[in-house]
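Visitor: Hi! Could you walk me through this one while I have it open?

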Amino acid sequence: MASNGSDLPPAAGRTPLRATADNALKIVVVGGFGVGKTTLVGSVSEIRPLNTEEVMTKAGEGIDPAGAWGKRSTTVAFDFGRITLSESQVLYLFGAPGQERFWFLWDRLFSGALGAVVLVDTRRLEDSWYAIDRLEHHGTPFIVARNNFGEPTHTLDQVREALDLSAEVPLVDCDARDRESGKRVLIELVRHLTALAEAEAAALPEARTAPEAPQAPVTLEYEESTP
């Protein structure tokens with residue numbers, strides 16, 4: 001059966017953190033069990049990602065979803081990866097565990113997050129409802145990325161309708177195994193966050209009457225040294 005889950009080995013090597021880095025940004029990747037969160041973090045991270053994968057055993061039968069997607073391991077805490085954005089900015093990626101018994105960790109992972117990516121599998125869209133609900137509860141901006149396990153059988157408009165997503169929430173396609181595809185997801189999230197920040201600033205009277213000196217926007221353009 002097609003699978004782009006976390007059983008695939010990460011390809012990233014080691015890149016030291018620059019001494020000039022003094023601004024850390026946090027993004028959370030969340031979604032249902034086995035949708036490819038660990039794979040996405042591993043594919044875009046410039047360092048060897050930290051993960052807490054453990055082999056699925058009989059002890060999890062009846063508790064975790066059955067391994068109907070060829071999954072042999074599962075995240076039991078969270079995934080962690082890093083991307084250098086510039087001389088001073090780094091992006092930290094946290095992948096949340098998808099099993100219901102670890103949902104209590106999500107609120108802490110959301111703390112301080114700039115935004116989130118909700119990764120969905122169209123074969124199990126209902127598994128993403130809890131993630132969307134929690135992000136809306138926390139007021140954390142997010143986008144939704146459809147992780148394609150083979151050729152898509154639904155249009156993005158159909159997926160948006162099934163998830164009851166508002167038009168303001170970006171919905172994109174991706175292949176969590178592919179680094180370039182994962183980068184496009186993160187770039188879309190940063191664009192969304194930038195648009196929200198600009199709209200919020202424009203709505204403030206002070207911003208119109210006494211504008212501050214412009215600051216360099218957060219970008220996700222990888223530098224030449226990024227593998």
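Visitor: Where does R184 sit?
Guide: R184 is part of helix α5. Do keep in mind that this is a predicted model.

Visitor: Is R184 buried or exposed?
Guide: R184 has a relative accessible area of 52%. Exposed means over 50%, so R184 counts as exposed.

Visitor: And how far is R184 from D173?
Guide: Their C-alpha atoms are separated by 9.3 Å, and the two residues are 11 residues apart along the chain.

Visitor: Back to helix α5. What angle does α5 make with α1?
Guide: The two pack at about 100 degrees, and their axes are 8 Å apart. That angle makes α1 roughly perpendicular to α5. Here α1 covers residues 37–44 and α5 covers residues 179–203.

Visitor: Which residues meet there?
Guide: From α1, L40, S43 and V44; from α5, R179, G182, K183 and L186. By type, the residues of this contact are 3 nonpolar, 2 polar and 2 charged.

Visitor: How many residues of α1 are buried?
Guide: 8 of the 8, so α1 is largely enclosed by the rest of the structure. The buried residues are K37, T38, T39, L40, V41, G42, S43 and V44.

Visitor: Which helices do W106 and Y130 belong to?
Guide: W106 lies in helix α2 and Y130 in helix α3, so their pair ties together parts that are 24 residues apart in sequence.

Visitor: Are those two buried or exposed?
Guide: W106 counts as buried, because its relative accessibility is 1%. Y130 comes out at 27%, so Y130 counts as partly exposed.

Visitor: What else does W106 touch?
Guide: R134 is in contact with W106, and also with D107 and F110, leaving aside the neighbours of R134 within four places in sequence. R134 is found in helix α3, which spans residues 129–138. Buried means under 20%, so R134, at 16% relative accessibility, counts as buried.

Visitor: Which residues form an aromatic cluster?
Guide: F80, Y92 and F94 form one.

Visitor: What's up with the phi of D164?
Guide: Phi of D164 is near 55 degrees, a positive value in a residue other than glycine. D164 is in the loop between α4 and β8. With 67% relative accessibility, D164 counts as exposed.

Visitor: Now the overall picture. How many helices and strands are there?
Guide: The protein chain has 6 helices and 8 strands. Starting at the N terminus, the elements run β-α-β-β-β-β-α-β-α-β-α-β-α-α.

Visitor: How much of the chain is buried?
Guide: Of its 227 residues, 46% count as buried.

Visitor: And what share of the contacts links residues 24 or more positions apart?
Guide: Those pairs account for 76% of the contacts in the protein chain with a separation of 6 or more.

Terms used:
Residues numbered from 1 in each chain as written. Predicted model: local features only at pLDDT ≥ 70, side-chain atom pairs only at ≥ 80, totals over all residues. Heavy atoms only, no water. Helix = DSSP H or I, 4+ residues; strand = E, 2+ residues; numbered from the N terminus. Buried < 20%, exposed > 50% of the residue type's maximum accessible area, 1.4 Å probe, protein only. Contact = heavy atoms within 4.5 Å. Axes fitted to C-alpha atoms, helices over the stretch in contact; angles between N-to-C directions. Parallel < 35°, antiparallel > 145°, perpendicular 65-115°, else oblique. Nonpolar A, V, L, I, M, F, W, Y, C, P; charged D, E, K, R; others polar. Phe/Tyr/Trp six-rings, centres within 6.5 Å; stacked < 30°, edge-to-face > 60°.
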